[in-house]
Amino acid sequence: MSEPDFASPLHHRTDRQSPRDLAIGLAEITDLGMIDLRGEPGDDRFLAAIRDCLGVDLPRLPRSSARHEAVTVLWLSTDQWLVLAPRADTPALVQALQVKLAGLHALVCDVSDMRCIIRLSGPEARMVLMKGCSLNLLAPEIKAGFVKRALFAEIAALIHVVDDDPDVIDLFVFRSYAEFAWEWLLRTGARNALVELYGEQNPPPV
């Protein structure tokens, strides 16, 4: 049987790694697989099985995440998480989770090709993202590990703050919108498009 062959939705672009003349770092992340995980957080057997398999407790606070070695778990809702792992390891991890969760009320599904991950980095990353969404990403509580589903540039997206010193932020969009999101970021992230619209402003002179 033939093996699935991953193709990025941006594979045809020559500018998908470190395009020039931007105020931010911009790159597509292609080496991460994604697993949709659902289950009952009140079931100790479910929590224990996940801990045994992933080596980390599921994040149960809204807009949070947890990490163990190469595996990161993003909170999506009260009974849903997105597990990130090296793409090459994802099929085996899916199988291990399915074995561990057999007989429990749970769902494990490999959704690695569902979304495109676009990474923004640098001190202007938050400012550029805020041009396309209503979140105040300059708020002090938006730190490394923060996760939030949001409407970004009029499309459904997921924002994950990977690091905050310096800022590294992953933007997840459905693959059918990857081209649109990439073009949007190229235009609004350009150096000549940079504006200081957000944050504390000096009051106008009276």
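Before I start: contact means heavy atoms within 4.5 Å. Helices (H or I, at least four residues) and strands (E, at least two) are DSSP runs, numbered from the N terminus. For directions, I use axes that are lines fitted to C-alpha atoms, for helices over the stretch in contact, and angles run from 0 to 180 degrees between N-to-C directions.

A note on what I'm looking at: this is a predicted model, where local features need pLDDT of at least 70, side-chain atom pairs count only at pLDDT 80 or more, and totals for chains, interfaces and linings use all residues. Residues are numbered from 1 along each chain as its sequence is written, and side-chain values use heavy atoms, with hydrogens and water left out.

**Entry 1: the sheet with β2 to β6**

I began with helix α2 (residues 90-100), which lies across β2, β4, β5 and β6 and runs at about 15 degrees to β2. What is the order of the strands in this open sheet? I traced five strands as β3-β4-β5-β2-β6, with antiparallel pairing; two strands pair if DSSP finds at least two bridges between them. At the edges I found β3 (65-68) and β6 (106-110), each with a single partner strand, so one side of each has no neighbour in the sheet. From one strand to the next, the twist averages 20 degrees.

Helix α1 (residues 44-54) packs on this sheet too, touching β2 (32-39), β3, β4, β5 and β6. The direction of α1 makes about 165 degrees with that of β2.

**Entry 2: zooming in on T72**

I picked T72, which sits in strand β4. Strand β4 (residues 71-77) is joined to strand β5 (residues 80-86) by five bridges, and the two run antiparallel. Which residue of β5 is the bridge partner of T72? I looked it up, and it is L84.

Is T72 buried or exposed? I read 10% relative accessibility for T72, so it counts as buried. The cut-offs are under 20% relative accessible area for buried, over 50% for exposed, and partly exposed in between (1.4 Å probe, protein chains only). Skipping neighbours within four places in sequence, I listed the contacts of T72 as A66, R67, L82, V83, L84 and H160.

**Entry 3: the sheet around β10**

Next I traced the other open sheet: five strands in the order β1-β7-β10-β9-β8, again with antiparallel pairing. Its edge strands are β1 (25-29) and β8 (147-152), and each pairs on one side only. Here the twist averages 30 degrees from one strand to the next. Helix α4 (residues 178-188) packs on this sheet and touches β1, β7, β8, β9 and β10, with its direction at about 15 degrees to that of β7.

I then followed the pairings:

- β1 and β7 share five bridges, and L26 has L120 in β7 as its bridge partner.
- Strand β7 (residues 115-121) is joined to β10 by seven bridges, with I118 partnered by L171.
- Strand β9 (residues 155-164) pairs with β10 over seven bridges, and D163 is partnered by V168.

β9 and β10 make a hairpin with two residues between them. How many of the eight residues of β10 are buried? I got seven, so I'd call the strand mostly covered.

**Entry 4: salt bridges**

I searched the whole structure and got ten salt bridges (a side-chain nitrogen of Lys or Arg within 4 Å of a carboxyl oxygen of Asp or Glu).

First I looked up R13 and E183, whose side chains meet at 2.8 Å, N to O. R13 is in the segment before β1 and E183 is in helix α4, 170 residues apart. R13 counts as buried because its relative accessibility is 13%, while E183 at 26% counts as partly exposed.

E183 also meets R187 in a salt bridge (3.6 Å, N to O). Why are E183 and R187 separated by about one helical turn? Because they are four residues apart in helix α4. R187, at 61% relative accessibility, counts as exposed. Salt bridges with shared partners join R13, E179, E183 and R187 into one network.

My last pair was R126 and D167, with closest N and O atoms 2.8 Å apart. R126 lies in helix α3 (residues 125-130) and D167 in strand β10, so the pair ties together parts 41 residues apart in sequence. I noted that both are buried.
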